[in-house]
Amino acid sequence: PNFFSLNNGVSNPTISEGLTERAMNSLFGTFGLNYDGYIYLDITGRNDWSSTLSKSNRSFFYPSFNLAVVLTDMLEKNGTRVPAWWSYGKLRASHASVGNDLSPYQLYNVYRIGKDPNGNTTANRDNVLRDENLRSELIKSLEFGAELRFFNSRLGIDFSWYKSNATRQLISLPMDPTSGYNSRLINAGDIENKGIELMVDAKVLANTNGLNWSIIANYSRNRNKINELSDALNVKEYTLGGFDDVFIRANTGSLYGDIYGTRYLRVTDQNSPFYGQLLLSSQGLPQRDPAIVKLGNQQAKGLVGITNSFSYKNLSFSFLVDARIGGEIFSATHVALQSSGAAAATAPGGQRNDIVVDGAVLDGSGTPTKNTQSVSQQLYWSAISTANNLGIGEAYLYDASNIRLRNVQLGYELPRK
């Protein structure tokens with residue numbers, strides 16, 4: 001009674017509807033301390049009770065604290081003279097935990113009620129094995145930093161070191177379909193982000209009625225590492241996504257964002273003078289090694305950004321140049337262009353002359369020998385780009401390093417009179 005659903009109507013329309021209910025109760029507290037105007041301490045605590053977790057796990061607590069010490073004020077108030085060139089100095093530290101509950105109805109396996117094409121009521125079991133003991137996700141972070149300013153604040157330095165660990169994440173682990181389920185939900189993972197951030201700003205020229213020039217430069221480096229997937233279930237590898245022979249996989253002990261795929265078939269005999277060179281087919285064309293191997297990683301080794309700002313009276317001009325250093329990308333665009341012959345690389349200098357691929361071929365006795373057979377551009381690029389739809393993965397992995405002019409601004413401030 002009192003359950004209203006369009007699917008229960010006579011001659012019900014072909015629609016779908018859903019109803020979810022979720023409740024969250026929270027308790028939050030904060031405490032702040034200011035000691036003599038140079039030491040600041042803030043502490044917070046929050047406890048959540050979520051209806052999406054079991055009774056034994058629905059309560060989870062996550063605190064945080066922030067501590068800051070203004071060094072220049074501390075020295076002055078304790079009788080130490082601060083040098084004139086040192087304008088400001090502050091040290092900071094923080095630690096925080098953040099919890100996340102689950103979406104509704106993730107704990108128990110139930111039947112889904114529906115109708116077949118003839119209007120008969122059906123009950124279907126979910127193909128995901130659920131676990132009532134699932135817990136909330138938890139992220140812990142730690143940060144230390146310093147802010148320094150010199151020469152009447154014309155030069156500033158801000159540095160941070162941070163580390164965060166995401167644990168008990170909810171992941172869908174594939175299962176053998178003969179078990180009756182395609183996957184199971186588990187709490188797993190310890191993914192660590194660790195890095196540094198550095199920002200330097202300088203007022204190179206400072207003239208009230210003349211030319212002003214300021215520079216802001218920043219550098220950041222982040223390493224995202226997978227410390228653990230699930231030791232309890234002996235899970236060491238997890239596929240995050242992919243298409244055909246190209247995958248993004250998470251492996252215990254490796255960096256997040258590893259790219260897996262196929263590579264060129266090469267001569268593997270270390271005693272051969274052609275060791276490491278391409279092992280070509282009898283037609284003199286590159287071949288694909290069917291083994292799936294690690295090709296590279298998406299993560300950049302560093303990010304750099306530099307902003308220059310100029311102003312003269314009412315006129316202002318600024319531009320931002322940023323750079324990404326390191327990391328690899330897979331380009332499916334190049335696969336499509338080269339397989340269709342639309343890429344510039346398929347017609348060097350506007351010509352499609354036959355080429356001799358640098359590599360080795362096997363002679364009658366199976367011994368690698370120097371390739372001398374010429375092939376057409378069409379056969380060459382087809383061999384590379386059409387092997388199993390996405391081609392030879394190694395051929396389409398590129399260095400993601402780049403430098404860009406990101407932003408340019410020109411402004412004029414109209415006179416007030």
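This report describes strand pairing, aromatic contacts and salt bridges in one protein structure.

The structure is a predicted model, in which local features need pLDDT of at least 70 and side-chain atom pairs count only at pLDDT 80 or more, while totals for chains, interfaces and linings use all residues. Residues are numbered from 1 along each chain as its sequence is written, and side-chain values use heavy atoms, with hydrogens and water left out.

**Strands and sheets**

Strands are DSSP runs (E, at least two residues) numbered from the N terminus, and two of them pair if DSSP finds at least two bridges between them. Strands of a sheet pair through backbone hydrogen bonds, either parallel or antiparallel.

An open sheet is formed by 4 strands in the order β12-β13-β14-β15, with antiparallel pairing. Because β12 (237-243) and β15 (288-297) stand at the edges with a single partner strand each, one side of each is left without a neighbour in the sheet. On average, neighbouring strands of this sheet are turned by 35 degrees against each other, direction ignored; the axes behind such angles are lines fitted to C-alpha atoms, and angles between N-to-C directions run from 0 to 180 degrees. Strand β14 (residues 258-264) is joined to β15 by 6 bridges, and Y260 stands opposite K294 in β15.

Strand β10 (residues 183-205) and strand β11 (residues 211-228) are antiparallel and pair over 15 bridges. These two strands, β10 and β11, form a hairpin with 5 residues between them, and E197 stands opposite S220 in β11. Strand β11 is also joined to strand β16 (residues 302-312) in the antiparallel sense, by 10 bridges. There, L211 has Y312 in β16 as its bridge partner.

**Aromatic rings**

Rings of Phe, Tyr and Trp (its six-membered ring) pair if their centres lie within 6.5 Å; planes under 30 degrees apart count as stacked, over 60 as edge-to-face and the rest as tilted. The count comes to 9 aromatic pairs. One of them joins Y35 and Y38 edge-to-face, at 5.8 Å centre to centre and 80 degrees between the planes. Buried means under 20% relative accessible area, exposed over 50%, and partly exposed in between (1.4 Å probe, protein chains only). Y35 is partly exposed at 48%, whereas Y38 is buried at 6%. One aromatic cluster consists of W85, F150 and F151.

A charge sits over a ring if NZ of Lys or CZ of Arg is within 6 Å of the ring centre and within 35 degrees of the ring normal. R125 lies over the face of Y181, 4.7 Å from the ring centre, and the charged end of R249 sits over the ring of F247, 4.9 Å from its centre.

**Salt bridges**

A salt bridge is a side-chain nitrogen of Lys or Arg within 4 Å of a carboxyl oxygen of Asp or Glu. The whole structure holds 15 salt bridges, among them those in the table.

| Salt bridge | N to O distance |
|---|---|
| D101 and R22 | 2.5 Å |
| E192 and K194 | 3.9 Å |
| R406 and D322 | 2.9 Å |

R406 in strand β24 (residues 402-412) and D322 in strand β17 (residues 315-325) link distant parts of the chain, 84 residues apart. R406 is partly exposed at 47% relative accessibility, while D322 is buried at 16%. Salt bridges that share partners also join R112, D126 and R130 into one network. In the other tabulated pairs, D101 is buried with a relative accessible area of 14% and R22 is partly exposed with 48%. E192 counts as buried at 14%, and K194 as partly exposed at 36%.
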